[in-house]
Amino acid sequence: MKEKAAQPSFSFEDEHERWMRLALEQARQAEAMGEVPVGAVLVRHGEVIGQGHNRVITLNDPSAHAEIMALRDAGARENNYRLPESTLYVTLEPCLMCAGALIHARIKQLVFSTSDPKTGVIDTVDHAFQRSYHNHHIAVHSGVLATDSARMLRDFFAARRQRRNADS
């Protein structure tokens, strides 16, 4: 009797972690530029269609959040501002501006890593996607690689405080 080869197990969680690792790479790029380390990757049908990281300081643009940069990248690649059937992976819970942009882009799902206790409007400060007046609803999954993302943010702000204190 022939033995069956063991099939590799692949879970939905593995897929989320795979894409979130790419978002964390984007966050590291932001950090290298002196930006708050937040990164985002937009995926559709197993392919990255957009990516970005915070560039608010670099571009002198308050709207240049990682999510917006990824949407802009995808919109340019797809030649469309609507991005249905896509999933955005982002290392920090989106703010109100970004949540609105995700609704307008008609993404299918948002996966974020760590909560934002000050401006996160998906599950923390508010529940923006759960408003009945929206004509589009987005599925949400949170906590993917949250420890990695939270550590990166915590270390970034600790180093920033330390530099600020050394300069005073």
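The protein has 5 helices and 5 strands, where helices (H or I, at least four residues) and strands (E, at least two) are DSSP runs numbered from the N terminus. Read along the sequence, these elements follow the pattern α-β-β-α-α-β-α-β-β-α. The model is predicted, so that local features need pLDDT of at least 70 and side-chain atom pairs count only at pLDDT 80 or more, while totals for chains, interfaces and linings use all residues. Residues are numbered from 1 along each chain as its sequence is written, and side-chain values use heavy atoms, with hydrogens and water left out.

The C-alpha atoms fill a box of roughly 75 × 40 × 30 Å, taken along the principal axes. With contact meaning heavy atoms within 4.5 Å, residues 24 or more positions apart account for 57% of the contacts with a separation of 6 or more. Of the 168 residues, 44% count as buried, that is, under 20% relative accessible area (1.4 Å probe, protein chains only).

The largest pocket has a volume of about 550 Å³, and its lining consists of 24 residues, among which Val-36, Leu-92, Asp-116, Thr-119 and Phe-157 lie nearest its centre. Two elements give two or more residues to this lining, as listed below.

| Element | Residue range |
|---|---|
| Helix 2 | residues 56–59 |
| Helix 5 | residues 146–167 |

Helix 5 gives the most to the lining, with 5 residues. A pocket here is an open set of points on a 1 Å grid over the protein atoms alone where a 1.4 Å probe fits, with protein on both sides within 12 Å along at least five of seven lines, and lining residues have an atom within 4 Å of a point.

Key: Buried < 20%, exposed > 50% of the residue type's maximum accessible area, 1.4 Å probe, protein only. Points joined across faces, edges and corners; volume = space filled by probe spheres on them.
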